Amino acid sequence: MSIRVLIADDHAIVRSGLSMLLNAQKDMEVIDTAAEGREAVDKALELRPDIVLMDLSMPPGENGLSATARLKEGAPDIDILILTMHDDEEYLFRVLQAGASGYVLKSAPDMDLLTAIRTVHQGAAYLHPSAAKSLIQEFLQRVQKGEDVDSYHILTEREQEILALIAKGYSNKEIAEQLIVSVKTVETHKTKIMEKLHLKTRPELVRYALKKGLLDFE
């Protein structure tokens, strides 16, 4: 089956060029395009692509960063690959915190983009080599300074909410009913939470939530 991709970029010529490149691949199919973030989120929620190729800067309208966070909130099972001209750690961390699965520079060769799409579709993260280097350097600097490197801050607001409910003993069905979402959505959020926090069991999650002060029942 082809990897179904939605392209979001405010430049028509970029959308056209990327569509031609991806549709020329035997394992990829561009199902639609969007010119700004809000349109990208609406179309992604309707069409449910495997991957959204999201430009970071899309004025006017909602930018790629905001759209990424909003889309991951509504459809955590859709992977988002950021395509941008910015090559610095500030953008890198903001992209990862928003929930993107990858980061590719617009100046990168076509093959890098194709590799990134296939990598993300297989369930792994993809970072451009220079971006990965920046991430590692920043992490090491934070460790050396003794700063908190806890992963809690990279959870989305909805993930933090679900983490607290899981730790308090609510079932996936009860959480789904309380938040008015599907059980599958809750399960997907739970998987993402465990991955981000490097936890494997429910007791570990409960201990983590207790440490973070999330179990203060009123």
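Lys196 is buried, and Glu159 is buried too; here buried means under 20% relative accessible area, exposed over 50%, and partly exposed in between, using a 1.4 Å probe and protein chains only. Welcome to a predicted model, where local features need pLDDT of at least 70, side-chain atom pairs count only at pLDDT 80 or more, and totals for chains, interfaces and linings use all residues. Residues are numbered from 1 along each chain as its sequence is written, and side-chain values use heavy atoms, with hydrogens and water left out.

- The structure holds 9 salt bridges, each being a side-chain nitrogen of Lys or Arg within 4 Å of a carboxyl oxygen of Asp or Glu.
- One of them joins the side chains of Lys196 and Glu159, at 2.9 Å from N to O.
- Lys196 sits in helix 9 (residues 183-197) and Glu159 in helix 7, so this pair ties together parts that are 37 residues apart in sequence. Helices (H or I, at least four residues) and strands (E, at least two) are DSSP runs, numbered from the N terminus.
- Arg158 and Glu73 also meet in a salt bridge, at 3.7 Å from N to O.
- Arg158 counts as buried at 18% relative accessibility, while Glu73 is partly exposed at 26%.

**Around Lys106**

- Lys106 forms a salt bridge with Asp55, with the closest N and O atoms 3.3 Å apart.
- Lys106 is partly exposed, with a relative accessible area of 30%, whereas Asp55 is buried at 4%.
- Asp9 joins Asp55 and Lys106 in a network of salt bridges.
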